[in-house]
Amino acid sequence: MAAARGAPPLPVGAKMAGGAELLPELVLEALKLLLPPPPPGETSPEPAPRPDALLANAAALEERLGGRPGWAALRWRREAELRRFPALRPDAADPPWAAASELLALLLCLKRPPGPAGPSLAQAAALRRALSAAAGLGLAPLLPPGVGPPGALGPAAPGPRGPRLRAAAAALAELAALPHTGPPLLARHLGVLLAGLALLGHGPAAHTQGVSEAERAQCREALRDILDRVYQPLAVQELLILQGRPKQSPPPSPGEETKPALVRAPAWLRRLCGQLLSERLLRPNGVQAVVRGVMEGTGGGAGAEAAAVDWRKCDAVAKVLASCPQQCLSLEDYYGLVCPQILDLLHIQDKLTARQFQRVATTTLLTMAKEHPQLAEKHLLQPLLAPLLRCREAAELAVEDLPAGTILVTEAELGSCVEDVLKVYVVGNDSSSLLLGSLQSVLGVVFSLYSFAKQNVSYLRSPCQEILLWFLEKSEREVSLAVLEGFVGLNSSVHTLHPQCQFRAGSEGGAVIAVKETISDEDEALYQKVSLEQCHVETLVELLSHCQKSGLAGDFFIHCLKALTRVAAEDEADLNSTVVPGGSFLELEQYHTRQRKKLLVLQLVATLCENISDTIFTDVAQVEEFVAATLQRACVSPARGPGAAAEAQTLAMAMGLVAAMLGGAVQLQSSDFAVLKRLVPLLEELSHTYPEPLTQELATDLRIAICTHGACSATTLGAAADVVLGKKPGTGAQGPAGAPDTAPCPEAGQAPPRHSHINPSAPGERSEEQSACHKPDATGPAPAPCADSPAPDKLQELLLSAYDPQPPSRAAALRCLANLITQRDPEALRLQEKLLQVFLENMQHEDAFVYLSAIQGVALLSSEYPEQILPVLLARYRCPAQGTEDAAAAITRMKLGEVLMRVTRALGDMVFKHRESLIQAFLLGARDPDSALRASSLSNLGELCQHLGFQLGSIIQEVASCLTAIAKTDPKAEVRRAAVHVVVLLLRGLSEKATEVLRDVLRDLYRLLKHVVAAEPDGATVLHAQLALEELDAVMRRVLFPQQVLEKKIVVLP
């Protein structure tokens, strides 16, 4: 230290008086003699010695220094150090100071470490204890309240403090500079040393009486020298502790330990610590040092998780980083210094601290963007997006000077950029105009990368998708629609990848951006361009499939339809005026550009219609816009030419959609009618200009129905709605989603539906229409209305409708037939065999609505006639129909199993009569080659056992053998899981009766469960087995150790 330069120490190895050399081991031995041994059972690593014990040992040390040979060198060295620091002379009136001065004088004599390999463990422990005692007794008591770390302040020392404070601080600062005493001293007592030097160099004069201005300057220099040498996060921590908590300290956050209240530091110390912290921040890597200093110390594990959740601490650090210190003369200089370090925080690899650092970096960036958007964009956002900005379409690249294949953006750089964008934009989730605008500048490159990643195996697919979806969600709807158009080249709202650049697959699962090779073949270049456009269109449609709930997909589809209307209008104009062959090149280029956009619109609409779900529209307003776009296109360009049929069909579908909504398919409110009234002008124009008379009539009827809020509804609307809903005209709308409960049913008192095109008073015409509808080439008959007791022709019509090609009509007919069985209609029950055949054939239908209706019908029929129907079902379950594929047969048998279980539940106690046949059928299914059928059969077996009350009789042996064999040998985990689950149901259902009912097989089941727990690889199966063992253990405990009931018995003797 500078204070020691006035009396420099002797060089290492110098000869003392008497010719003896001072050995470091001798100093350590003197320290051991001076320090009392730690009390037994003491767990503190450096227990603080008592001053009276130190003084007693100091007397013994004085005797040894004066009388023993070989100790003279130490005595002369100690005297030399005391001459350098006169204030270190022991004072008998102050025992703590006397003890501390003895320790400091001996420590100053230790100029080099003992031995070539450093001190031993015992010597290192003695050295740490000596340093702790010197700092705790020599420097801490001299600090005033509020100066120094909490817990380090000792009792106030009497007498003048200035010279002693300066001597103790100078001695400890000199020890901190030595390689063998500096690390243990700075690791444990840095706060005390910094407090002492700060008080001497910057404190008020009342605390530094007797200290010259030159010595105070030396203390200020020593303070900065120590702060520059130590581990910077540790320096930040100590400075924050010295600065103290704010006056209004917030309550501790969840997961944070409750700390003792700190004495508020004086104003001069708070200002000094703030200045020194700002200097730490402005140093190289100062941002990371400040963040680590604040966030470290959690200890990892659960503590690190708690600190990651502590958003208040992260946000406080971010607020500090976003504020320019007073020492920095220019705000732009400060941003230029710390912004690269803030971006580096996003790349921390340590898992325990990565979340904290990323949150701090993201919050700091967002705060800077709000406070100083221009500087944040220059120093944060542009460097963050630099790899993407470098290769976008608007970038100025001298690619002609670069050979083909030159890497412009490496794989690591591109992957890091995409991940950083995800962390800052998506995870930060701040939809300010600055962030959205900066992201939009590179969004085309991100979309191109997403399209490339979907065609290849790359980990960049998911982050690119999240970035794109976040922008589309947070932006204004008009901006989102324009960006979606820009992705496929319909406008220039986004900048795509540079035409001379291309993506290539990276070696680590990422991608690189390289210079594209020049293609001389024009056909090959055109093919690649068209393929790329097609890929972008398909990627856009796939991206829109994730935006259906927000309504963006529907809005974009309507936007494309409006663009299609403009295309139709331009086509009409082109029919009247052709391009002049002698026109200028500019006109030709503009014409070709328009044609290209037309083709893109047509391709986009076709792909959307092919891939987007029918749930694309989320409200009535979107449906209205869709219909309005279709009507407007019909008004601009009536159906003529080769595409007239398709245009007419589209128009009929749109108008039928409105008719279905007015007919009750959607519950319309008054506000919905206000939206639909926007269609009235278009419908009126269509009713006058469209060449087809039926369309004109339908447009007029729709206009009247909308204006009257559905009060006046013509018959043409019902027919148009039936076409859209896929039903025979006249059956009426089924409801919003074609629900089964809205289908026609033969309940009492229900009026038959109105047939708009059938005259009830003309039976001859009616029969002719019915025969025409039942032809195979018809569009498909719908079920006829059912009455309370249907006539044979009505029942025959239902049977024919059960084979309708349209699934809604077929399912409705099956439901009507099932309702007839429920009502025990005599005509239907007379044809039970025919009904059974109809239901069984419809069970093989692929539509869930159809085969579930058929299952319900078979179950109802079987519950009415179990003696006749159950044998047929069991025979079909055991032996599938010939000529069917294995997969189809297995699916049909599983459906039959569902029927059998419904019949079992309906029969109740009567199922005991069919117990053996049902169990044998399910056991036979458990040995089927199809794993799904085996699992289904075992599940049915378990449910059947529950309905039987687990009274299986003699067949229990066969059931146990089957379950044991399957659980041990079946190759499919779900089948083994189902077998063990049946055992669990048996044990749980029987409870105490298990020892009686399962008496002969209980041991085998126990061994099976133990085998499953020990050898089964499937976790769910092991869990089932453990539950079964626990159930068996509880049962056996209740049997072996029954609950003792204390009761009194009174016996009356005769």
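This is a predicted model: local features need pLDDT of at least 70, side-chain atom pairs count only at pLDDT 80 or more; totals for chains, interfaces and linings use all residues.
Let me begin with Ser212, which counts as partly exposed because its relative accessibility is 34%; here buried means under 20% relative accessible area, exposed means over 50%, and partly exposed is in between, with a 1.4 Å probe and protein chains only. Residues are numbered from 1 along each chain as its sequence is written, and side-chain values use heavy atoms, with hydrogens and water left out.

Staying with Ser212, you will find this residue in the loop between α7 (182-202) and α8 (213-229), where the helices (H or I, at least four residues) and strands (E, at least two) are DSSP runs, numbered from the N terminus. Although Ser212 and Gly162 are 50 residues apart in sequence, they are 9.8 Å apart in space, C-alpha to C-alpha.

Now the chain as a whole. Its secondary structure comes to 46 helices and three strands, and of its 1054 residues, 46% count as buried. If we take the contacts between residues at least 6 apart in sequence, 71% of them join residues at least 24 apart, contact meaning heavy atoms within 4.5 Å.

Next, some helix pairs. How do the axes of helix α13 (residues 311-322) and helix α15 (residues 351-371) cross? They come within 8 Å and cross at roughly 45°, where axes are lines fitted to C-alpha atoms, for helices over the stretch in contact, and angles run from 0 to 180 degrees between N-to-C directions. The two helices α13 and α15 are therefore oblique to each other, given that angles under 35 degrees count as roughly parallel, over 145 as roughly antiparallel, 65 to 115 as roughly perpendicular and the rest as oblique. The crossing in which α13 passes α15 is right-handed; a crossing is left-handed if the near helix is turned anticlockwise from the far one by less than a right angle, and right-handed if clockwise.

In this contact, Trp311, Cys314, Asp315, Val317, Ala318, Leu321 and Ala322 in α13 meet residues of α15 that include Arg359, Val360, Thr363 and Glu371. By class, the contact of α13 with α15 has eight nonpolar, four polar and three charged residues, where Ala, Val, Leu, Ile, Met, Phe, Trp, Tyr, Cys and Pro count as nonpolar, Asp, Glu, Lys and Arg as charged, and the others, Gly among them, as polar. Helix α13 also holds Ala316, which is partly exposed because its relative accessibility is 42%.

A second pair is helix α45 (residues 1002-1015) and helix α46 (residues 1019-1040), whose axes come within 9 Å and cross at roughly 140°. That makes α45 oblique to α46, and their crossing is left-handed. On the α45 side the residues in contact include Leu1002, Tyr1006 and Lys1010, and on the α46 side they include Thr1021, Gln1026 and Leu1032. The residues of this contact divide into ten nonpolar, two polar and one charged.

Cys464 is in no disulfide, and the nearest cysteine sulfur, that of Cys417, is 9.6 Å away. With 0% relative accessibility, Cys464 counts as buried, and Cys109, at 3%, also counts as buried.

Finally, a word on backbone angles. Most residues other than glycine have a negative phi, and most peptide bonds are trans. Asn285, however, has a positive phi, near 60°; this residue lies in the loop between α10 (267-282) and α11 (286-295) and is exposed, with a relative accessible area of 55%. Asn429 likewise has a positive phi, near 55°, and is found in the loop between α18 (411-427) and α19 (433-440), where Asn429 is partly exposed, with a relative accessible area of 41%.

Terms used
A disulfide is a pair of cysteine sulfur atoms within 2.5 Å.
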